[in-house]
Amino acid sequence: MAARIDEEETLVRSLEEMLHKTYSTEHTASSDVARSFNLAVTRLKNQMTLVSALDVAKGRVVECLQRVSDLMDLRTCADGVSVAMEQEDYELAARHIHKFLTLDTAVFQMGEQAEAKDTGQSMGRSYEILREAAAEMKSIVEKRFDQAVESNDVASIQRFFKLFPLLNEHANGIRRFGDYLCAEISKLAERNYKVILSVL
């Protein structure tokens, strides 16, 4: 019996040692897995932070490129509008003015905040040139449209009517064209009325 008790005690000790080893191994393995998992999560968080920072930087670069493009457009429009108006290429002048009118207002705010005197002055000068050209073009288009209506020059009427929207004068153009159409319809009705009266 003593031998049996010794065997049982040895077996229990052996089982305890095995359980302890298994627990230690599992605990160590579990700890290693947890450590690896935590390391992977930390790396993933770092990558996500980096990607987020890159997205912000990309957005700023795209915004900066848009501003540079707008500044270049401002100068191009200012340089081209005067020449186009002198050559009476009103379509090209109107396109330059339209581009100017659609530029982001941030471009003009940048010009006001510019520290470099040359940059600020040239931007301010470009802005003034285009603002004055827009007012002058509006006057020219209205005058030429009215002259075309008086001379019943349909091609010129169509030509100048198409320029009103480019100058952000949509309502003005529609009103003038509507007046022209009303006058033409009235003339046609008057002629038809006279023909009918002459027949009767």
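A nonpolar core here is a set of buried Ala, Val, Leu, Ile, Met, Phe, Trp, Tyr and Cys residues joined through side-chain atoms within 4.5 Å. Buried means under 20% relative accessible area, exposed means over 50%, and partly exposed is in between, with a 1.4 Å probe and protein chains only.

Quick ground rules. This is a predicted model, where local features need pLDDT of at least 70 and side-chain atom pairs count only at pLDDT 80 or more, while totals for chains, interfaces and linings use all residues. Residues are numbered from 1 along each chain as its sequence is written, and side-chain values use heavy atoms, with hydrogens and water left out.

Now the core. The largest one has 28 residues. V81, M85, I97, L130, M137 and V141 have the most contacts inside it. Which elements give two or more residues to this core? They are α1 (2-86), α2 (90-102), α4 (117-150) and α5 (154-161). Helices are DSSP runs of H or I, at least four residues, and strands are runs of E, at least two, numbered from the N terminus. The top contributor is α4, with 9 residues. As background, nonpolar side chains tend to be buried together in soluble globular proteins.

Take V141. Beyond its neighbours within four places in sequence, V141 is in contact (heavy atoms within 4.5 Å) with F160, L163, F164 and L167.

Staying with α4, look at S126. S126 counts as buried because its relative accessibility is 9%. Residues up to four places away aside, S126 touches L74, R75 and A78.

Next, the loops. E88 sits between α1 and α2. It is not a glycine, yet its phi is positive, about 55°. Buried or partly exposed? E88 is partly exposed, at 44% relative accessible area. N168 is in the loop between α5 and α6. Its phi is also positive, near 60°, and N168 is not glycine either. N168 counts as partly exposed, because its relative accessibility is 42%.

On to α6, residues 170-199. This helix has 30 residues and reaches 43 Å from first C-alpha to last. Within α6, N172, G173, R176 and Y180 are buried.

Last stop, the surface. Y193, I196, L197 and L200 form a nonpolar patch with about 480 Å² of accessible area together. L200 lies in the segment after α6. L200 counts as exposed because its relative accessible area is 82%.

Terms used. Expected span 1.5 Å × (residues − 1). Patch = residues over 30% accessible without salt bridge, like charges linked within 9 Å, V, L, I, M, F, W, Y side chains within 5 Å. Areas by Shrake-Rupley, 256 points an atom, 1.4 Å probe, with all protein chains shown as cover. Salt bridge = Lys/Arg side-chain N within 4 Å of Asp/Glu carboxyl O.
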